[in-house]
Amino acid sequence: MIEATALSKRYGSRTAVDGIDFTVRPGIVTGFLGPNGAGKSTTMRMIVGLDRPTAGAVTVNGKAYREQRAPLREVGVLLDAKAMHTGRSAYHHLLAMAATHGIGKQRVNEVIELTGLSSVARKRVGGFSLGMGQRLGIAAALLGDPATLILDEPVNGLDPEGVQWVRKLVRHLAGEGRTVLLSSHLMSEMSQTADHIIVLGRGRVLADAPVDEIIAGAGGATVRVRTPRPDLLAAALPEAQHSTLSDGALSVSGATAEQVGEAAARSGVVLHELTPVASSLEEAYMALTQDEIEYRAGGTPAAVEETR
Amino acid sequence: MTATSATVRQDAHLTLGRVVRSEWIKFTSLRSTYWTTGIILVLWLGIALLFALTANFTAVGPDGQPIEPNDEMRQSVTMTAVTTGAFFGMLVAAIQGVLTISGEYSTGMIRSSLAAVPGRLAVLLGKAVVVFVWMFLLGAVSSLGAYLVALPFLGSYDLAVPLGSEELLAMLGAAAYLGIVGLFGLGIGTLVRSAAGGIAITVAVLMVIPMALGVLSIWIDGIEDIVPYMLDSAGNAMMTIPSDTEAALPPGMEAPTVLAPPVAALVASAWAAVALVLGALALKGRDA
Ligand SMILES: Nc1ncnc2c1ncn2[C@@H]1O[C@H](COP(=O)(O)OP(=O)(O)OP(=O)(O)O)[C@@H](O)[C@H]1O
Ligand SMILES: [Mg+2]
């Protein structure tokens with residue numbers, strides 16, 4: 001359980017985290033979303049005592065992280081930037097980390113095995129690829145068999161097999177009753193992995209809800225309909241909103257596929273297509289954060305050209 | 001595919017001793033440690049050898065005639081052979097002290113270290129223990145090695161003394177000084193967090209400022225009173241056997257003040273302590 005109350009962080013005049021409250025509960029995977037610079041990594045660093053909050057507090061299992069007697073057993077953390085000495089081997093990195101808590105070689109070898117690093121464990125970290133470094137970071141986070149896992153963009157740089165492995169791993173860990181908080185910019189991945197989502201934007205919490213609710217909140221599901229008489233169908237569904245898609249089909253929101261079908265039957269409208277379309281987490285996320293993006297790309301090269 | 005582990009004992013937790021052990025693993029698992037160690041050994045023994053080879057020129061009077069060595073001269077020549085290397089060793093030891101922490105900042109390792117040990121000060125203490133013990137042992141091995149390397153040549157010129165308690169105490173001083181300089185570098189490195197800045201400051205304190213003071217003391221009165229309290233002068237005093245006979249100096253010239261070895265050890269330790277305390281305050285207060 002991670003609990004933040006009025007948590008704030010300012011760097012000089014820049015407010016990175018702006019008085020946020022949230023709770024990350026055990027037994028589920030909580031996804032941490034937000035545009036670049038939203039304050040996700042800063043929040044994670046504050047949870048593990050690396051950055052000191054300007055105001056407010058955050059506790060892990062009821063205690064400030066700095067007061068934990070066995071930090072590695074409480075929280076395993078993977079930070080966004082590589083946090084290991086490039087001149088040391090993966091094995092010695094893990095061995096040194098483990099030694100602080102009296103955790104032995106056996107566990108070090110176990111996490112090396114688990115993360116698939118056996119063949120490179122004795123090599124210096126400086127020569128590691130992005131994905132290998134990421135695996136080593138995950139291995140380090142798992143060292144203390146922690147009750148809480150905080151993973152900042154864990155799948156960044158991983159191959160598809162690695163992405164799938166992380167998804168299974170965090171689901172499994174949450175299933176064991178652990179607390180899991182992970183950030184990612186990959187929405188499809190997040191929607192498959194997380195049960196609950198916290199969305200940050202400019203240091204504030206924009207949404208904090210189960211994944212389904214987040215998706216439903218952004219207009220929810222729509223129904224795609226093709227009919228020669230859209231006007232009649234629209235009249236038969238006075239409660240629903242509808243718009244015409246670029247291929248001529250009708251997009252109906254505010255009504256289920258069943259309601260649309262029944263309305264069509266009642267008014268004798270012929271339907272050529274009736275498809276429920278689930279809205280995606282990505283769409284919901286975009287809708288939530290469109291006003292909160294600080295670092296917006298300049299559009300396509302052509303568009304940039306035109307504005308000159 | 002489970003991460004649940006029977007190999008992590010339920011009561012695994014932080015202790016100071018374990019943090020020291022962790023720092024020992026970190027220190028001994030980097031190549032740079034062996035480079036600096038090798039450089040110190042080679043420099044120290046090499047200088048002892050060079051000095052010993054040419055030591056017969058020391059035993060020449062002002063008139064160019066060989067003079068009969070006495071015991072005081074034998075002791076002085078032998079100890080010069082044993083301890084001169086320390087002045088190069090100290091620079092490398094200070095650099096190693098700086099690198100022990102600056103390397104963690106430049107690579108990001110510091111975040112892993114401080115996440116595992118959120119109290120933070122234990123990390124610095126662990127590093128201090130490891131750096132001191134390593135440098136102390138290295139200083140002891142180097143000065144003994146220097147003696148052994150120099151002995152055959154000094155002996156052939158009748159300029160060697162056997163190792164008595166005075167000589168051993170001076171060697172102990174050399175070893176302790178190497179450890180203290182390592183601590184000084186560690187403290188400065190923790191304070192400034194960068195290798196370049198840390199090395200610049202330690203080299204300034206150990207070499208540049210003493211040289212500048214030496215030059216300034218020609219013009220400005222009172223500077224020569226500060227000089228003995230500089231880190232490098234105190235280090236020099238720690239490995240010097242105090243002489244009870246006044247050196248014969250031309251009239252009008254004063255012998256430079258050399259602190260008694262125990263006082264010098266206190267002064268040098270104070271330099272390291274101040275650097276470490278400043279480093280500790282910075283480490284404790286800053287975001288990592
Ligand atoms: N050490 C620091 N000093 C100054 N500003 C910082 C520091 N760390 C973060 N910031 C600023 O705080 C804000 C939040 O950054 P943070 O890294 O927490 O965002 P994020 O949500 O993790 O973004 P991303 O998705 O790009 O990883 C940014 O504007 C960043 O520039
Ligand atoms: Mg980030």
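Student: Which elements of chain A each supply at least two residues of the shell around ligand 1?
Tutor: This is a predicted model. In it, 15 residues surround ligand 1. The closest of them include A:R14 and A:S41. The elements of chain A that each supply at least two residues of this shell are β2 (14–24) and α1 (40–47).

Student: How far is a polar side-chain atom of A:S41 from an oxygen atom of ligand 1?
Tutor: A:R14 has an N or O atom in its side chain 2.7 Å from an oxygen atom of ligand 1. For A:E153, a polar side-chain atom lies 3.4 Å from a ligand 1 oxygen atom. For A:S41, the value is 2.7 Å.

Student: What share of the area that ligand 1 exposes when taken alone does the protein bury?
Tutor: Taken alone, ligand 1 exposes 640 Å². Of that area, the protein buries 68%.

Student: Is A:E153 buried, partly exposed or exposed?
Tutor: A:E153 lies in the loop between β6 (148–152) and α6 (160–175) of chain A. Its phi is positive, near 50°, and the residue is not a glycine. Most residues other than glycine have a negative phi. Because buried means under 20% relative accessible area and exposed over 50%, the 22% of A:E153 makes this residue partly exposed.

Student: Where in chain B does B:D158 lie?
Tutor: B:D158 is not a glycine, yet has a positive phi of about 60°. Its relative accessible area is 37%, so B:D158 is partly exposed. In chain B, this residue lies in the loop between α6 (121–156) and α7 (165–192).

Student: Which residue in β9(A) is the bridge partner of A:V199?
Tutor: Strands β8 (residues 196–201) and β9 (residues 204–210) of chain A pair in the antiparallel sense over six bridges. They form a hairpin with two residues between them, and A:R202 in the turn has a positive phi of about 45°. Across this pair, the bridge partner of A:V199 is A:A207.

Note on methods
Residues numbered from 1 in each chain as written. Chains lettered and ligands numbered in written order. Predicted model: local features only at pLDDT ≥ 70, side-chain atom pairs only at ≥ 80, totals over all residues. Heavy atoms only, no water. Near = heavy atom within 4 Å. Polar contact = N/O pair within 3.5 Å; in protein donor to acceptor, adjacent residues only side chain to side chain. Areas by Shrake-Rupley, 256 points an atom, 1.4 Å probe, with all protein chains shown as cover. Helix = DSSP H or I, 4+ residues; strand = E, 2+ residues; numbered from the N terminus. Pairing = 2+ DSSP bridges. Buried < 20%, exposed > 50% of the residue type's maximum accessible area, 1.4 Å probe, protein only.
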